[in-house]
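Q: Please take a close look at one part of this chain, going residue by residue where that helps. I would like to know what sits where, and what touches what.

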Amino acid sequence: MAWHEGTYACGHTGRVQIYGPVKDREWKEKKEFSRLCPDCRKKKFYEDNLKAVQTAKEMGLPELTGTEKQVAWANAIRLNVIGDMYKDRLEFLLSERKPELHDQIKSGMEQIRNYIIKNKTDASYFIDRRDYTFTDFINEIGRELGWTK
Ligand SMILES: [Zn+2]
């Protein structure tokens with residue numbers, strides 16, 4: 001364990017404690033300083049969340065409930081879930097399954113997405129599930145819809 005000083009991608013300097021075998025430390029140090037510094041990361045996190053609130057408004061998504069910070073964070077998570085995560089999963093399923101199943105897959109996926117948008121308006125719902133994959137949502141909501149037990 002040792003302290004390493006360096007310059008982050010944002011230009012701020014700082015020091016970090018790096019653990020693990022000596023041979024990995026240089027790589028870890030490089031990786032750490034290739035990122036924004038902790039303060040800039042925090043700032044960017046809030047800025048991105050506030051942007052998500054604006055985007056959600058523009059998309060006409062239902063407003064989320066919770067504290068201002070929770071709502072902002074949850075909006076960023078929700079946009080990712082119903083956007084990129086949804087698209088990636090759909091693309092994957094369509095590439096894996098037979099063409100005759102595609103309409104069914106598309107409609108099922110759309111139902112899940114719409115169900116999330118319409119019914120999940122509590123900020124904590126998204127924050128609690130920030131590590132979920134889209135498949136986790138499919139499984140959980142499939143149960144709520146009575147598709148599976
Ligand atoms: Zn910085």
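A: Gly11 is found in the loop that runs between strand E1 (2-7) and strand E2 (13-18). The model is a predicted one. Gly11 counts as exposed, because 9 other C-beta atoms lie within 10 Å, and a residue with 12 or fewer is classed that way. Along the chain Gly11 and Leu36 are 25 residues apart, and their C-alpha atoms are separated by 8.2 Å.

Within strand E1 itself is Gly6. Gly6 has 14 C-beta neighbours inside 10 Å and so counts as partly exposed. Setting aside the neighbours within four places in sequence, the contacts of Gly6 are Thr13, Glu29 and Phe33. Cys37 is 31 residues from Gly6 in sequence, and the two C-alpha atoms are 10 Å apart in space.

Helix H1 covers residues 22-33. H1 is hardly covered, as the count of buried residues among its 12 residues is 0.

Thr67 belongs to the loop between helix H2 (38-59) and H3. Thr67 is exposed, since there are 10 other C-beta atoms within 10 Å. Its C-alpha atom is 8.2 Å from that of Ala123, although 56 residues separate Thr67 and Ala123 in sequence.

The rest concerns helix H6 (residues 134-144), whose buried residues are Phe134, Phe137 and Ile138. These three cover an arc of only 100° around the axis, which puts them on the same side of H6. Thr135, Asp136 and Arg143 are exposed on the other side of H6. The cover over the buried residues includes helix H3 (68-96) and helix H4 (102-119).

Two packed helices are described by the angle between their axes and the distance between the axes. For H3 and H6, the axes come within 9 Å and cross at roughly 95°. That angle makes H3 roughly perpendicular to H6, because the class takes in 65 to 115 degrees. On the H3 side of this contact are Val81, Met85, Tyr86 and Arg89, and on the H6 side Phe134, Thr135 and Phe137. By type, the residues in the contact of H3 with H6 are 5 nonpolar, 1 polar and 1 charged.

H4 and H6 have their axes 10 Å apart and pack at an angle of about 80°. H4 is therefore also roughly perpendicular to H6. Here Ile112, Tyr115 and Ile116 from H4 meet Phe137, Ile138 and Ile141 from H6. The contact of H4 with H6 divides into 6 nonpolar residues, with no polar and no charged ones.

After H6 comes Gly146, which has a positive phi, near 80°.

Technical notes:
Residues are numbered from 1 along each chain as its sequence is written. This is a predicted model: local features need pLDDT of at least 70, side-chain atom pairs count only at pLDDT 80 or more; totals for chains, interfaces and linings use all residues. A residue is buried if 20 or more other C-beta atoms lie within 10 Å of its own, exposed if 12 or fewer, and partly exposed in between; C-beta atoms are placed from the backbone. Helices (H or I, at least four residues) and strands (E, at least two) are DSSP runs, numbered from the N terminus. The arc is that of the directions from the helix axis to the C-beta atoms. Two residues are in contact if their C-beta atoms, placed from the backbone, lie within 7 Å. Axes are lines fitted to C-alpha atoms, for helices over the stretch in contact, and angles run from 0 to 180 degrees between N-to-C directions. Angles under 35 degrees count as roughly parallel, over 145 as roughly antiparallel, 65 to 115 as roughly perpendicular and the rest as oblique. Ala, Val, Leu, Ile, Met, Phe, Trp, Tyr, Cys and Pro count as nonpolar, Asp, Glu, Lys and Arg as charged, and the others, Gly among them, as polar. The expected span of a helix is 1.5 Å times one less than its number of residues.
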